[in-house]
Amino acid sequence: MKITAVEAIPFAIPYTKPLKFASGEVHAAEHVLVRVHTDDGIVGIAEAPPRPFTYGETQAGIIAVITGVFTPQLVGLRLTEREVAHARLARTVGNPTAKAAVDMAIWDALGRTLGLPVSDLLGGYTDRMRVSHMLGFDEPAAMVAEAEKMLERYGISTFKVKVGRRPVQLDTAVVRALRERFGDTIELYVDGNRGWTAAESLRAMKEMADLDLLFAEELNPADDVLGRRWLVGKLDVPFIADESVPTPADVTREVLGGSATAISIKTARTGFTGSTRVHHLAEGLGLEVVMGNQIDGQLGTACAVTFGAAHELTSRRAGELSNFLDMSDDLLAEPLRISDGVLRVPFGVGLGVDLDPDKLTRYRTDN
Ligand code: MUC
Ligand code: MG
């Protein structure tokens, strides 16, 4: 059960349709595959998505911190010493997706070693989650057409609409067009990625007051401390903190400061060990929780559904588990499939997924 090596392998897979939002855009999944090897010949896997506009990480930086800093601190540890691994990773500031991928690859290796699914090890609450699809920036008609496609092909009926940075009227027109097209057969919420001011956010939410939104997410920057608190106090839907709460301490600070009333949990940034801490904190504070998407590939999505399905609180709401549908290909031997609006936890030991070696050879960029 001892860790003998950790690999960090860059790969790049283009998107068929780029995702655009207030803080950036993604045209290719230029992620890092992490493989944790043990002395039993077990290999655990996970992926880290660099999001410079969210966490400051880059593909090269993730590889450098994993190989140069984390690996020497992890080699020789047993897979069950996850708290030791967590404490050692925590000595390094930042680097959330690099740490999360290492953590989840350790959990995958542990599950494979024990012959058990990670979802069962984490909590085993259910074997599936409802799926929420993120609609990136486009004209209103194109975003409605995208929602129609997702509903027809995959049965997805919960949509998170990206808003912010562009004219408020354009964003509210999109949400109105979606509600008019689908009536009350769909769930809708909005995510601003910090793209509005507090005043613009309130104006937009008032304009959309009749559109039955579930949530508002990260509409304005959390660093506008008083503006954010002012806004959250005036809204009558839960306000989700996403990129402003990458750690349990951030959750505590934002929620107790009145700057958020719900949170997004992303395994891509808190792994399984950190997400467990955030989950327990959210449960104790009585917060609504949504499983978020860091624009993950299929491996990252398998991690998100594994964690989300493991607990009652995280599986209550539809999870954001569908961004991989816009990728031209992926690394998994058996692709994830969404049907009837649901994604099941992959069946099998560990994360229940394996890599296709030919695809890894095709998409890795280090050879
Ligand atoms: C999201 O929920 O915000 C876009 C930026 C980011 O950090 O995550 C994505 C999705
Ligand atoms: Mg968000």
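Predicted model: local features only at pLDDT ≥ 70, side-chain atom pairs only at ≥ 80, totals over all residues.
1. On the buried side, H10 (residues 248-256) has Asp250, Val251, Glu254 and Val255. These residues cover an arc of only 115° around the axis, which puts them on the same side of H10. Their packing partners are helix H9 (225-234), strand S9 (262-265) and helix H11 (267-285). Just after H10 comes Gly258, with a positive phi of about 80°.

2. H10 also takes part in the largest pocket, as one of the helices that each supply at least two residues of its lining. The space in this pocket is about 690 Å³. Of its 35 lining residues, Pro96, Pro246, Thr247, Pro248 and Asp250 lie nearest the centre; Asp250 is among the buried residues of H10.

3. Which helix gives the most to the lining of the largest pocket? That is H11, with six residues. Domain 1 (3-115) and domain 2 (120-344) each provide at least three lining residues. By class, the lining has 12 charged, 12 polar and 11 nonpolar residues.

4. The second largest pocket holds about 320 Å³ of space. It has 17 lining residues, with Pro335, Leu336, Arg337, Arg344 and Pro346 nearest the centre. Strand S13 (residues 342-344) makes the largest contribution to this lining, three residues. Here the classes divide into 10 nonpolar, two polar and five charged.

Technical notes. Residues numbered from 1 in each chain as written. Chains lettered and ligands numbered in written order. Heavy atoms only, no water. Buried < 20%, exposed > 50% of the residue type's maximum accessible area, 1.4 Å probe, protein only. Helix = DSSP H or I, 4+ residues; strand = E, 2+ residues; numbered from the N terminus. Arc of directions from axis to C-beta. Contact = heavy atoms within 4.5 Å. 1 Å grid on protein atoms, 1.4 Å probe; cavity = no way out; pocket = protein on both sides within 12 Å on 5 of 7 lines; lining within 4 Å. Points joined across faces, edges and corners; volume = space filled by probe spheres on them. Nonpolar A, V, L, I, M, F, W, Y, C, P; charged D, E, K, R; others polar. Domains from an automatic or database assignment.
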